[in-house]
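Please keep the sequence and the structure open while reading.

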Amino acid sequence: MSADTVPAAGDLTGVLGRRDVVPRSGPLAATLTLAWRAMLKIKHVPFQLFDVTIMPIMFTLLFTFIFGGALGGSPRNYIQFLLPGILVQTIVFITVYTGVGLNSDIQKGLFDRFRSLPMWQPAPVLGALAGDLIRYSIASVVILIVGFILGFRPAGGAIGVVAAFGLVLLFAFAVSWIWIIIGMKVKTPESVMTTSFIFLMPLTFASNIFVGLDTMPGWLQAVVRHNPVTHLATASRGLMQELPLGDSVLWALLWSAGIILVFAPLALRMYHKER
Amino acid sequence: MALAIETTGLTKRFGDTEALAGIDLKIRKGSVYGLLGPNGAGKTTAIRLLATLIRPTSGTASVLGHDVVREAAEVRRRVSLTGQYASVDDELTGRENLILIGRLLGLPWRDARARAGELMEAFGLAEAARRQVRTYSGGMRRRLDIAASLVSTPEILFLDEPTSGLDPRSRNQVWDIVRSIAAQGTTVLLITQYLEEADRLADRLAVIDHGRVIAEGTSRDLKASVGASTLHVRLAERGQQGPARSVVARVLGDGVLPSTDPSVVTATVTDAAHASRVIEALGLEGLDVLEFSLGSPSLDDVFFALTGRPAEARPEASP
């Protein structure tokens, strides 16, 4: 194969020996370049969008038609209640892929190369996160489209929907930092998945995503009421359907800020440290 | 003497394991320096330390006059690392991988694209430039990996086992590339467990075992330390190694080297005239000899002599 022939040793002369002083890439340029890498991966392996599109479609369809009749009178009624919550659940679930991606980059040795480059060190982590935010957005739009087809009509209009999106993405960004830490700690991408699902299953199901709080036993209500996912689902539902918000938006913001403040510095410090 | 790398009492401990047990190295600029040793000897730990990926437990290391701990950023600007496993992104094309590195090094988009193009051309990858790296052969991946280390020409290039797992042809291509990089004035620190590779490429070598340098010098120095020359006897029958060894030991006095091949006896010879007496004695004992040669010792022999055991890996084939 002609692509496999290498030129004689002398042919490298033209490309080597240059020691131009290259201006160092700034933090923003480095981060955006790594976000560009995330986009290229989506372009070359569109299959990875399956994770973020098929799961939400499946969740929305299954829950709407299986529980819709029992819980909301009819699927069409139920989806008005469910969709803002399903959005929260799927987006929170797919944040795991941030940790999975990071872990596989580390295992492949790619992060060793990044870390040995003279660039702003947090860029690979932030660049990957920026790419993930785009994937979360794609997933959100997919859920909304499926919802529309099934009869979802947000009373809050476009502004309500966009505000809910913004809040969910912020929370997803915050939670991603936790998976980044797990992604650095465990040995394989698969164990990132298993570890994180142990937290995610109770977190998303012990919430008011599928049914209202008042249907649960008293002791459970106390737990569910303080679950950040409950606050987020209430806020998302309130914004999209013009329902009373209470202090849900405030709590969702506080939780996001709290998680970022605790885990982001920790993750960056761990990243900076050796493995 | 301009030093590219200098380490003093360098140690690295991972939990209970002592990966480096005190390494002192002085590596001159503009040379290919080989770190030779079996798996787990501490070679990779040593270059990860020099490339600022990990910090030493004790001791100091300076790369081009910059301390690897205190001046890590300065070191990173001057060195490139090509790790043991091709550290390129499988899902991107070869060209995109190089553009990515160029951008991260601070090149503007246009320059990063141009640089990627000329490197792909020079490394014989132009036709595969727009294919995903996952479709590349092992040799192509390795070349791309080395190209990625040269987007900005480093003053020192760390190469960790650049030919492991490659077929002989790809291995020769990588060797040509390494020679050519060194000829352009980049100091190359080459890790290998292939004795032949170190012999062919490295101006000087350090043999590392159990986290320590057990020998240092040119390939010629190391060979001289084993003996003036080495006698290789290949026997017609495998079971005769034992008797043949005692014959050789009797004739030469001492100097029989351990051998992994059950039909071969190897020994160091101080005087070539003694060799003829060996073949005579073997004949008298009725031991049939297939091959009988007297040559300078190989690095294999050196490793045996230093550690009393063989280096674990050998290249698949000798060209």
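What pLDDT does chain B average? Chain B averages 85, and 95% of the residues score at least 70; pLDDT is the predictor's confidence in each residue, from 0 to 100. This is a predicted model, in which local features need pLDDT of at least 70 and side-chain atom pairs count only at pLDDT 80 or more, while totals for chains, interfaces and linings use all residues. Residues are numbered from 1 along each chain as its sequence is written, and chains are lettered from A and ligands numbered from 1 in the order in which they are written.

**Confidence**

For chain A the mean pLDDT is 85, with 92% of its residues at 70 or more. The complex receives an ipTM of 0.82 and a pTM of 0.81 from the predictor. Helices (H or I, at least four residues) and strands (E, at least two) are DSSP runs, numbered from the N terminus.

| Chain | Lowest mean pLDDT | Highest mean pLDDT |
|---|---|---|
| Chain A | α2(A), residues 48-72: 81 | α7(A): 92 |
| Chain B | α11(B), residues 299-307: 75 | α3(B), residues 94-104: 94 |

In chain B the pLDDT is below 50 over residues 313-319, a stretch that has 10 contacts in the model beyond near neighbours in sequence. Two residues are in contact if their C-beta atoms, placed from the backbone, lie within 7 Å.

**Overall build of chain B**

Chain B contains 11 helices and 14 strands, and its C-alpha trace spans about 75 × 45 × 35 Å along its principal axes. Its domain assignment gives domain 1 (3-223) and domain 2 (228-296); such bounds come from an automatic or database domain assignment. The centres of the two domains of chain B, taken over C-alpha atoms, are 40 Å apart. Of the contacts in chain B with a separation of 6 or more, 70% are between residues 24 or more positions apart.

**Strands of chain B**

Four strands of chain B make an open sheet with antiparallel pairing, in the order β2-β1-β4-β5. β2 (17-28) and β5 (66-67) of chain B are at the edges with a single partner strand each, so one side of each has no neighbour in the sheet. Strands count as paired if DSSP finds at least two bridges between them. β1(B) (residues 3-14) is joined to β2(B) by nine bridges, and I5(B) has I27(B) in β2(B) as its bridge partner.

Elsewhere in chain B, the antiparallel strands β9(B) (residues 204-209) and β10(B) (residues 212-217) are joined by five bridges. D209(B) is opposite R212(B) in β10(B). This hairpin has two residues between the strands, and H210(B) takes a positive phi near 50°.

**Burial and the core**

A residue is buried if 20 or more other C-beta atoms lie within 10 Å of its own, exposed if 12 or fewer, and partly exposed in between, with C-beta atoms placed from the backbone. By this count 49% of the 319 residues of chain B are buried. In α3(B), 11 of the 11 residues are buried, so this helix is largely enclosed by the rest of the structure. Charged residues are included: R95(B), E96(B) and R103(B) are among the buried residues of α3(B). The buried residues of α3(B) pack against α1 of chain A, and against α4 (109-122) and α5 (138-148) of chain B. Just after α3(B), G106(B) has a positive phi of about 105°.

A nonpolar core is a set of buried Ala, Val, Leu, Ile, Met, Phe, Trp, Tyr and Cys residues joined through C-beta atoms within 7 Å. The largest one has 163 residues, and those that touch the most other members include V168(A), L50(B) and F158(B). Helix α7(A) (residues 157-185) supplies the largest share of this core, 15 residues. Leaving aside neighbours within four places in sequence, V168(A) is in contact with L87(A), V88(A), I91(A), S140(A), L232(A) and S236(A).

By contrast, I66(A), in helix α2 of chain A, counts as exposed because 12 C-beta neighbours lie inside 10 Å.

**Where the chains meet**

Between the chains, 39 residues of chain A are in contact with 46 residues of chain B. On the chain A side, the elements that give two or more residues are α1 (27-44) and α5 (110-115). α1(A) gives the most, with six residues. By class, this side of chain A has 16 nonpolar, 11 polar and 12 charged residues. Ala, Val, Leu, Ile, Met, Phe, Trp, Tyr, Cys and Pro count as nonpolar, Asp, Glu, Lys and Arg as charged, and the others, Gly among them, as polar.
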